[in-house]
Structures are given as structure tokens and as C-alpha cells.
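Here is a short report on one protein model. Look at the structure first, then read on.

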Amino acid sequence: MNAERRTWLRDVANENIEPDAWSNRARQLAADLLDGAGQLRADPQGSADVLATDLVLRKRWPGAFVTVPPLSVEQLRDLVTALLSSPSPAEGELERAAIWLSALDLLVNRISAELVPDFDSLAVMLEATQSAFRRWVWDARPNRREIGPARWLIDSEAHVQAFLWAILEPRFGDDLVDEQYLPGFGQKQPRFDFGVRRLKTIVEVKMARSASDFSKIEEEFAGDLGLYFMDLPRWGRMIVYIYDDSNVAHSERYDTLRSALRQRDLRIRDVIFVQRPGMIPPRNRRVPWSPLDGSSADT
């Protein structure tokens, strides 16, 4: 579309805008998509129709709203209340009805994800643990000399499991089970680290300390996969969570191992790799803090 046509169409979008018209947001978006001049107001105010339109348009064209603050919690709550309690759009108001239906669909899905987290929510929570390490505690100096500096060392699979339990338990509550034994053969009775019963999902935690550990992890799964899913009514899929504690991160091996595990069994739905927090020193520099000199070699 040439400049002349864009200008004509933008003028049509801006034509006859009424001060309180609920459809103004759509006109502003159309004009902005045509010329990129930033026609959108920073904070939509007004009726439920206005807020619902803003919510729906943001979902479809997020790039155009990147500099516009999202609807506040109060606005979203008021919008839910209004859409559920106000009289429905009248016969013939097709545009308003479509906006209401789309907004309700977005809001109900968001509320459902918060109240009843699904498999995708679980995967997102586990992926997000990497960025959660930004505030990990590793003090250089003690706040209380007789105790020493606070340092949350992750040095074993048990430490990783404790960290993940603190992340998952508030969201899944009684549905989260810990260290469950699986049906076995003979002397072999493996167990998984976590399970979310409602999602029929196992979360298995592994730690890699060197390049060779990636091959060992694959071999361990090759030997136990048949046992993980013997009780299909209870457990039908798995997420593998691998904490990379190598002195040199081996990120180039991530895709290879992820592909290998998923090809072994389609019930391994995701393989998540997380590198140790940057403030925790490499394993060969982890020297216990000594109260005699008030310091440690890893600082």
C-alpha cells in the first residue's frame, strides 16, 4: 500500500471519533498500524466495553502495545465482574458481542491457569527457575561473624530437589508427591523425584558435573524408562530437569541429549536444562568458610 492510500485509510480510522466511543481503541490501533505514530493512549479508561476491547486487541497485536502499560489488577477484576453481571449486548450488536466473548475467553483461561495449573504451566515454572537464580544468596562477608556468610550451596541432586519442592509445592499442594517408588523387577525398584498426580506427570531431576555425565544420564534413562511408566493410570508423561553444575557449561550438549531422550520415549514431553547460579563458584573452588580468618578461598 502506497503512502497516499495509507494516509487515506488512516484518516478514515480517525474520522468521527466520539469522546466516549468504546470502539475508539480499535480505530487508534488501526491508525498506529498504518503509520506507527503511536496513536494509542497510555491507559484506557471507561466502560467494560473499552477495557474488553483493549484486552482483546493486546492479545492479537502485542507489538503495538509494547510501550503501553497493561491493564491493572483492579481493572481486570472490575472487567470480570462487569462482563459476568452486566446485561448482554443487544441483538444486532455483533461487534460488542464478539469483543465480550473474546475477552471472557482470555480471562477465564488466565484464571483457570492460576487456579488449576496444567502441564504447560508446570513446564513454564521449571524453565523459569533459571532466571530465579538472579537473587541467589552467596554473601562475600558474614553478617554475623560467629555464623559466617550466608551461602546457599547447591551441591547435589538432593539440594536441587529441595529447591524445586519450594517452587512447586505452593502451586500444586497435595497433588505434589515426593520420592515415590515405582514397580520393579527383582532387586531393582527405582523411584522418581516428584510427581504431580492430577497431571499424571513425573518430574525427574538429574545433575551433570562433567561432559561425560550427559552420556551417563541417557544410559540411566535407557535402563529405567520401562519402569517409569508401568503404572500408566497414575503416571503417563515426564519432564526431565537437568541441573548443569559443570565447571565449564556444556550447553552444546543440551539439544543432543534432549533429542535423544525424547526419541527414546514420546512420554518424555520436555527436557529442561538449568545452569547453576553464576555466583556459586566452580566445584573445584568451593572451600568451606573458616571463622579463623573471616574469609574463604572462593571469594
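## A covered strand

Strand S4 (residues 237-244) is mostly covered, with 7 of its 8 residues buried. Buried means under 20% relative accessible area, exposed means over 50%, and partly exposed lies in between (1.4 Å probe, protein chains only). Strands are DSSP runs of E, at least two residues long; helices are runs of H or I, at least four; both are numbered from the N terminus.

This is a predicted model: local features need pLDDT of at least 70, side-chain atom pairs count only at pLDDT 80 or more, and totals for chains, interfaces and linings use all residues. Residues are numbered from 1 along each chain as its sequence is written, and side-chain values use heavy atoms, leaving out hydrogens and water.

## Neighbours of S4

S4 runs parallel to strand S3 (residues 201-208), joined by 8 bridges. Two strands pair if DSSP finds at least two bridges between them. Glu-204 has Val-240 in S4 as its bridge partner.

Strand S5 (residues 268-275) also runs parallel to S4, through 7 bridges. Here Tyr-243 stands opposite Val-274 in S5.

## A buried alanine

Ala-103 lies in helix H5 (residues 94-115). Is Ala-103 buried or exposed? Ala-103 is buried, because its relative accessible area is 0%.

Ala-103 touches Ala-52, Leu-55, Val-56 and Leu-83, leaving aside residues up to four places away in sequence. Contact means heavy atoms within 4.5 Å.

## A partly exposed leucine

Leu-9 sits in helix H1 (residues 3-14). Leu-9 counts as partly exposed because its relative accessibility is 33%.
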